[in-house]
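Colleague: I should like to learn how to read the features of a protein model. May we work through one together?

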Amino acid sequence: MSPRRAAVLRGAGDGQNLREHLIATAERLISSRGTAALTVREIAREAGVADGVLYNYFDGKEDLLANAVAAHVRTIQAGLGELPRPGEGDLAENLRTHVRYGIALHRALLSFMAGLRPESEAVSRFTGLVGPDTNWRDELLRYLQAERDLGRLAPDAPVEAAAAMIVGVCHELVLTQLLPDGAHAGIFAPPPDAGDVVTVILDGMRPRGDGEPR
């Protein structure tokens, strides 16, 4: 005989278990109000369970928050569509797709993780939960390395530096968009146009003809 489902999940037809329910509840709360001052009691109350139930599935609040943020990353990425495949399509347009993907991902993550201290246990646990297959920066670097191996980029193309530049542009664009109008004046320079950045990066990485200076 299969075990009875928790009362809060009875009638649900999606097969969600209590651990998934707690993660989804925390994700929803963080999305609506952020992580600052969010307590185990509030998460439990919203989930419709006793406070102690969370500790049956997680080491503590930080562990639950890390899982909630990781789940949010997967939700975001599922809605962003597939990234370009090496060797297919136009290089410049492929990189613009990566930039659009990175901007959307950073915009969602920065607002979602607001209130988490960089040194917090939740951030450390989140980093361990989000492996290389779900890390956009690693995916971008693998894409550039593959294009170099295929000969669509120069053999000595600095793909690590290019990936870092693209990620940095996405960070800057998102940070300035999150600030109130005019608040970045005197703090940040106007963010570069993403299309211009792609053009500059590709110009330094495309294969050159014999004797043609880089």
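**Reading contacts, cores and charged pairs**

Modeller: Let us begin with a single residue and its neighbours. In this predicted model, Asn-94 touches Pro-84, Arg-85, Glu-88, Gly-89, Tyr-143, Glu-147 and Arg-152, leaving aside residues up to four places away in sequence.

Colleague: In which helix does Asn-94 lie, and does Asn-94 count as buried or exposed?

Modeller: Asn-94 belongs to helix H4, which covers residues 91–112. Its relative accessibility is 7%, so Asn-94 counts as buried, the limit for that class being under 20%.

Colleague: How should I check the length of a helix? What span should helix H3 have?

Modeller: One compares an expected span with the distance between the end C-alpha atoms. Helix H3 holds 18 residues (61–78) and, at 1.5 Å a residue, should span 26 Å. Its end C-alpha atoms lie 26 Å apart, which agrees.

Colleague: How many residues of H3 are buried?

Modeller: Of the 18 residues of H3, 13 are buried, so the helix is largely enclosed by the rest of the structure.

Colleague: How should I read a nonpolar core?

Modeller: In soluble globular proteins, nonpolar side chains tend to be buried together. Here the largest nonpolar core has 35 residues, and those with the most contacts inside it are Leu-95, Trp-136, Leu-140, Leu-144, Leu-153, Leu-202 and Met-205. Two or more residues of this core come from each of H3, H4, helix H6 (136–149), helix H7 (159–178) and helix H8 (194–203). A second, separate core has 19 residues, among them Ala-26, Ala-47, Phe-58 and Ala-71.

Colleague: Which residues does Leu-202 touch, not counting those up to four places away in sequence?

Modeller: Leu-202 touches Leu-91, Ala-92, Leu-95 and Leu-153.

Colleague: How far apart in sequence and in space are Thr-199 and Ala-92?

Modeller: They are 107 residues apart in sequence, yet 7.0 Å apart in space from C-alpha to C-alpha. Thr-199 is found in helix H8 and is partly exposed, with a relative accessible area of 47%.

Colleague: Let us turn to charge. How many salt bridges are there?

Modeller: Side chains of opposite charge can pair when their charged atoms come close. The count in this model comes to 6 salt bridges. In one of them, the side chains of Glu-147 and Arg-152 meet at 2.9 Å, N to O. Glu-147 is buried, with a relative accessible area of 0%, whereas Arg-152, at 23%, counts as partly exposed.

Colleague: Which residues do salt bridges with shared partners join into one network?

Modeller: Glu-93, Arg-96 and Arg-100 form that network. Arg-96 and Glu-93 meet at 3.3 Å, N to O, and the closest N and O atoms of Arg-100 and Glu-93 are 2.8 Å apart.

Colleague: How far apart along helix H4 are Arg-96 and Glu-93?

Modeller: They are 3 residues apart, about one turn of the helix. An α-helix has 3.6 residues a turn, so residues three or four places apart point the same way.

Colleague: What are the relative accessible areas of Arg-96, Glu-93 and Arg-100?

Modeller: The value is 29% for Arg-96, which is partly exposed. Glu-93 is partly exposed at 34%, and Arg-100 counts as partly exposed at 46%.

Note on methods:
Residues numbered from 1 in each chain as written. Predicted model: local features only at pLDDT ≥ 70, side-chain atom pairs only at ≥ 80, totals over all residues. Heavy atoms only, no water. Helix = DSSP H or I, 4+ residues; strand = E, 2+ residues; numbered from the N terminus. Buried < 20%, exposed > 50% of the residue type's maximum accessible area, 1.4 Å probe, protein only. Contact = heavy atoms within 4.5 Å. Expected span 1.5 Å × (residues − 1). Core = buried A, V, L, I, M, F, W, Y, C linked by side-chain atoms within 4.5 Å. Salt bridge = Lys/Arg side-chain N within 4 Å of Asp/Glu carboxyl O.
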